[in-house]
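Here are some notes for a colleague who is starting to read this model. Please keep the structure open beside the numbered points.

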Amino acid sequence: MSIRWRFALLTLLLSAAASPSFADEIDELRQLRDSTISLVNALVEQGVLTRAKADAIIAQAQKAGSQPPGAAPSSPAAAAAPPAPAGAAPAVPPPLAPGTVRVPYIPESVKQEITNEVKQDVAAQAKAERWGEPGAFPEWLRRFDWYGDLRIRYEADLFPPGNAPVATLQAYGVNIANSTERDDRLRFRARFGFNTTFSDSVTVGVRVASGGVGAGSNPGSENQTIGSYETRSTIGFDRAFIAYHPLSWLEASAGVVGNPFFEPTSLVWADDVSLGGVVVRFFPQITEDLKFFTTAGAFPILQVDPTPINSASSKWLYAYQSGIEWRFDDSVALQLAGALYDYRNIEGIPNPNIYTTQYSDTAASFRQTGNTVFDINGLVNTLNGTQNYLWGLASKFHVANASAALDVRFVGPTHIILTGDWVKNLGFDESEIERRTGYQMNRQVEGWQTRVTVGYPSMKPKYAWQAYVGYRYVQRDATVDAFTDQDFHLGGTDAQGYFLGARYSFEKNTFVNLRWFSARQIDGVELAGATLSGLPLAINVMQLDLMSAF
């Protein structure tokens, strides 16, 4: 029973116990009196009333009830009347006639006073505990900012005639399982998380997401394919960080922080990539219309534990980006940024002889397609005629990136948005690669991507819409293929082609997205030292998404 109803029942019982209309039902009144006292005691035990207040209520009711029916009700003036003169004999009530029963009586003024006190206590407690307030949460829970999204995707992977057989592609290091047969899939992506502020300068964020978990899983995709005898899907943490922001323009974060860099396209970073490490961000407001930002971070890519028989080093990414956000007026906004992504120890090193695995951990633990690779175990495979390939990246990667986004409000809520990225691998060195691997390689180290979008800048409003078209060209060693786009050419580098699509929000924060990608390989050979002129691999991808977010 709620506290409100307990007080209401208490008031009802006290009123009923005081009513003279029950004078002929003595037993019932006594039971009602006992029940009332029991209820008051129960409220004390549950902490609703203090013992002192309960005793005062009972005493006040009994005192008022000692007056016979028809007697003048007590009042503050009567209570303040002077005492009887000393020596005066106390007034003695007349004796009762045989069979007469005296029924306690509570005046209306006392009942009203008790009712008002109860109302005040209940109102105070209701205000403190926020009874009946829509969306009310305890104070500690109100510090949490919850968010999430769910995407259901139908995808068709189409392979035009003329592609090389998959067995031939795999023999030359192409990381693909199908090159000729259409594949239709139903997939989903689910994410749920929160940010909470423990103080004015400390924020903690946690998010879980679907997709692969653990070593070897895809770092750039949180999609989960539906259709494995209804088995449960895996989830993992793609956000888990603590951020310290002592000033309005300064923030330091540690943990799994997502992607802290400005990325207008997916040329360098796939949409679902979440980096883990330490990040420092500066974003001072230079003028009312101009903001400067700088982001610097250190991110472990692969932790390698040293042993006497393992000479491989841990793989790291050190990254730096600076840029500006400039609003010319309310209708034009421009963002420009330049970045350097410096990967350390990501290149492969061949094992020096057939008896050792000294540099096996320099192999690429995860890759898509495109980057030039070589067999770290090439000596033993060549000598024994085996095919236990262990692929390592042939090039080092020190990636320079320039990014831009121009947002122009056209008519009403309609915008025209132009985005672009350019990338070049400054770490490619033909002579260094030949010394380390024994292979000669051609330089294929640049890429670019652009897109034009017309429509609403956000899909949150109901009836929002977008249409877009773009082109992508990225050579094989322009950037690390593990972290770039997962959809164009089914992921990776060494691909060129166009993409187009449209979005429509039929409800608030809920929209459909139809996309088409048409891509083909630029070179077609990924294996260092290969003499083939090309292995054709064209891939068309159609995606239909239904997405909702909060």
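1. A search of the whole structure, which is a predicted model, finds 16 aromatic pairs. One of them joins Phe-144 and Trp-146, whose rings are stacked, with 5.6 Å from centre to centre and 15 degrees between the planes. Trp-146 counts as partly exposed, since its relative accessibility is 38%.

2. The rings of Phe-499 and Phe-517 also pair, and because their planes stand at 35 degrees, with the centres 6.2 Å apart, this pair is tilted. The pair links distant parts of the chain, as Phe-499 belongs to strand E17 (residues 495–507) and Phe-517 to strand E18 (residues 510–521), 18 residues apart. Phe-499 has a relative accessibility of 7% and therefore counts as buried, and Phe-517, with a relative accessible area of 4%, is buried too.

3. One aromatic cluster is formed by Phe-261, Trp-269, Phe-299, Tyr-341, Tyr-343 and Phe-483. In the largest nonpolar core, which has 29 residues, Trp-269, Phe-299, Tyr-341 and Tyr-343 touch the most other members. Among the elements that give two or more residues to this core are strand E5 (235–247) and strand E10 (332–344), and E10 gives the most, with three residues.

4. Which residues does Trp-269 touch, not counting those up to four places away in sequence? They include Phe-261, Leu-275, Leu-317, Tyr-341, Tyr-343 and Phe-483, and also Asn-259, Glu-263 and Thr-484.

Key. Residues numbered from 1 in each chain as written. Predicted model: local features only at pLDDT ≥ 70, side-chain atom pairs only at ≥ 80, totals over all residues. Heavy atoms only, no water. Phe/Tyr/Trp six-rings, centres within 6.5 Å; stacked < 30°, edge-to-face > 60°. Buried < 20%, exposed > 50% of the residue type's maximum accessible area, 1.4 Å probe, protein only. Helix = DSSP H or I, 4+ residues; strand = E, 2+ residues; numbered from the N terminus. Core = buried A, V, L, I, M, F, W, Y, C linked by side-chain atoms within 4.5 Å. Contact = heavy atoms within 4.5 Å.
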